[in-house]
Amino acid sequence: MKYFAYKDNALFCEDLPVSEIAKKVGTPVYVYSYRALKETFDRFSAAFGGTDHLICFSMKANSNGAVLRTFVKAGGGIDVVTGGELERAMAAGCDPKKIVFSGVGKSSEEIKTALVAGILQFNVESEEELENISRIASDLGKKAPVAIRVNPDVDPKTHASISTGLKSSKFGICHDNAVEIYARAAKMRGIEIVGIDCHIGSQITRVEPFVEAVRKARVLMEKIKKRGIALKNLDIGGGLGIVYKDETPPTAEEYASAVKKEIAGLDCKLILEPGRFLAGNAGVLVTQVLYNKEREAKKFVIVDAASNDLMRPALYDAFHKIEPLHVEAGREKVHVDVVGPICETGDFFAKERPLQTMLPGECLAIMGAGAYGFSMSSNYNSRPRPAEVMVNGRDSFVVRERETVKDVVKGEKVPGFLK
Ligand SMILES: *Cc1c(COP(=O)(O)O)cnc(C)c1O
């Protein structure tokens, strides 16, 4: 995490001590580095130089408008999975012609909104969805641009709940029936076939599963072409992993060169949907130590962030590095569990982690929290969600205010008989 580094024992985000943000905005707070986001995007895009491509940031990883704008201004598009994301993508200035709409359960209303907006492509996941999109498009006198998500049956060798390309998963259509379904779709009145799509999972740390998926997609494309159906776009999804601990994922260049080799000679536009890779290591969650507690041989550090703010450890047993905002050279190192205030045993950020002794009021940064952090947060325990701050150089900007309890109860009503 190049833009989160120590200078004289103080953790900086770019040119700003992170502690200044904690002081000004309070904790817990998400901090994103603009330069990290921008440079990762530019480097990823440059790696695909010479190939007609579009990078559609998978906004479920981080849906903050300032983050979206960073990618949009850099020339990116956006991968959305709901009507809400579509609205936020357009509010962030994204050209609908650069928006792809993924997801197994698009409602008729969402489909209609996307058709009216004029998006680049629907990534369709079932025959029933195809028929529904065709019907809605015909009613509007339109043709819906469609790619079908084909499940390549590739094992991405990642966490089970983020593997999406196996035969047994709910995503996509089966590889074996794909040609037949394409043939049927091509005859539907409201459908214009524009491409093929696959996405095999997340936090993938080797190139082989991607290579295998692209290879299978290419074989299918040839078969579909033989049926007289032209495909303009090849969407290979997202899923490229990042370093949380000691993983050795492919670099942008390694990933791109492996993909480019597989698609050499194919006359189509490559669409990519990275989420985690672009945002994950561009953000941290800053939290303050409330208490230390010792039970039997176990030591706990209780902090003011909780699993509702960053769910990945509770949800996937995910590892996040945890760093003090100030390294105190003389302090003893202890093995601790870092836990939040929520009434759940799953409310933890680290277990048996070596950490310098922390005093109440001092702050920690939970690293690698830029993707699937705030976007997965909730109000469990009536906790207002954290503020989000973007740093650019020495300047910091609140890009989402901290919620208040008023926000949490917004929309609640008391029925008359309880008044
Ligand atoms: C989640 C998702 C992505 C992004 O995955 P990352 O692992 O964050 O890159 C891309 N495409 C689809 C269809 C997804 O569901």
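Biologist: Among contacts between residues at least 6 apart in sequence, what percentage join residues at least 24 apart?
Modeller: Please note that this is a predicted model. A contact here means heavy atoms within 4.5 Å. Among such contacts in the protein chain between residues at least 6 apart in sequence, the share that join residues at least 24 apart is 70%.

Biologist: How many helices and strands does the secondary structure of the protein chain hold?
Modeller: Helices and strands are both present in the protein chain. The secondary structure comes to twelve helices and 21 strands.

Biologist: Why does the radius of gyration of the protein chain agree with that of a compact globule?
Modeller: The C-alpha trace spans about 70 × 60 × 40 Å along its principal axes. Because the protein chain has 419 residues, a compact globule would have a radius of gyration near 22 Å. The value for the protein chain agrees with this, at 23 Å.

Biologist: Is Arg-149 buried or exposed?
Modeller: Arg-149 lies in strand β9, which covers residues 144-151. Its relative accessible area is 7%, and the cut-off for burial is under 20%. Of the 419 residues of the protein chain, 54% count as buried. Arg-149 is therefore classed as buried.

Biologist: How far apart in space are Arg-149 and Lys-261?
Modeller: In sequence, Arg-149 and Lys-261 are 112 residues apart. In space, their C-alpha to C-alpha distance is 22 Å.

Biologist: How far apart do the centres of the positive and negative side chains lie?
Modeller: The protein chain has 58 positive and 55 negative side chains. The centres of the two sets are separated by 3 Å.

How values were computed: Residues are numbered from 1 along each chain as its sequence is written. This is a predicted model: local features need pLDDT of at least 70, side-chain atom pairs count only at pLDDT 80 or more; totals for chains, interfaces and linings use all residues. Side-chain values use heavy atoms; hydrogens and water are left out. Helices (H or I, at least four residues) and strands (E, at least two) are DSSP runs, numbered from the N terminus. The radius of gyration is taken over C-alpha atoms; the globule rule is 2.2 Å times the number of residues to the power 0.38. Buried means under 20% relative accessible area, exposed over 50%, partly exposed in between (1.4 Å probe, protein chains only). Lys and Arg count as positive and Asp and Glu as negative; His and the chain ends are not counted. The place of a charge is taken as NZ of Lys, CZ of Arg, CG of Asp or CD of Glu.
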